[in-house]
Amino acid sequence: MRRPIALVIVLSSIAACAPTEGPAPGSGIGTPDGGARQCFQPDRITNFTRGGTEQIYVKVLGGGVFAIQAGGCPDIGNANALVITPATGIGSQVCVGDSARIALPNVRFGPDQCFARIERSLTEAEVEALPGRQRP
């Protein structure tokens with residue numbers, strides 16, 4: 001009786017390692033429909049600005065600009081720096097649709113951390129259409 005149970009466990013383990021269709025979520029390789037995910041590495045941020053009340057625009061090395069919806073970051077306009085990390089704490093990049101944490105070193109008021117969601121990557125035309133003060 002032990003052999004069939006052991007065999008089932010071994011086969012289940014092997015099946016778990018088999019390739020699946022599409023990339024793992026957050027892998028940055030692509031989407032299940034074959035499109036490329038838009039991702040960036042937070043340590044490659046070159047500039048950021050505050051958009052609306054809870055909106056942040058970040059510019060990354062290479063020129064990409066991402067819109068981020070941040071909740072609970074009331075003093076982001078006075079921050080000199082920000083640090084973005086994946087909300088799961090795993091990986092070195094964040095992609096559109098991912099949740100993230102934003103740390104705000106040296107803020108004067110409010111919390112020094114907040115949560116965010118990477119909304120989208122802006123096109124060059126969308127970046128040019130932003131008001132000058134909101135353009136990173």
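Glu 126 and Arg 120 form a salt bridge, with their closest N and O atoms 2.9 Å apart. Keep in mind as you read that this is a predicted model. Both partners are partly exposed: Glu 126 has a relative accessible area of 31%, and Arg 120 stands at 35%.

A search of the whole structure turns up two salt bridges. The other pair joins Arg 37 to Asp 98, where the closest N and O atoms are 3.2 Å apart. Arg 37 sits in the loop between helix H1 (2–16) and strand E1 (39–40), while Asp 98 belongs to the loop between strand E6 (94–95) and strand E7 (99–103), so this contact ties together parts that are 61 residues apart in sequence. Asp 98 is buried, because its relative accessible area of 19% falls under the 20% cut-off.

Here are the two bridges together.

| Salt bridge | Closest N and O atoms |
|---|---|
| Glu 126 with Arg 120 | 2.9 Å |
| Arg 37 with Asp 98 | 3.2 Å |

Now for the strands. Strand E3 (residues 55–60) is mostly covered, with five of its six residues buried. Strand E2 (residues 45–50) runs antiparallel to E3, and five bridges join the two; Arg 50 stands opposite Ile 56 in E3. Four residues separate E2 and E3, which form a hairpin.

E3 also pairs with strand E4 (residues 65–71), again in the antiparallel sense and over five bridges. Here Gln 55 has Gln 69 in E4 as its bridge partner. E3 and E4 form a hairpin too, with four residues between them, and Gly 62 in that turn has a positive phi of about 105°.

Conventions: Residues numbered from 1 in each chain as written. Predicted model: local features only at pLDDT ≥ 70, side-chain atom pairs only at ≥ 80, totals over all residues. Heavy atoms only, no water. Salt bridge = Lys/Arg side-chain N within 4 Å of Asp/Glu carboxyl O. Buried < 20%, exposed > 50% of the residue type's maximum accessible area, 1.4 Å probe, protein only. Pairing = 2+ DSSP bridges.
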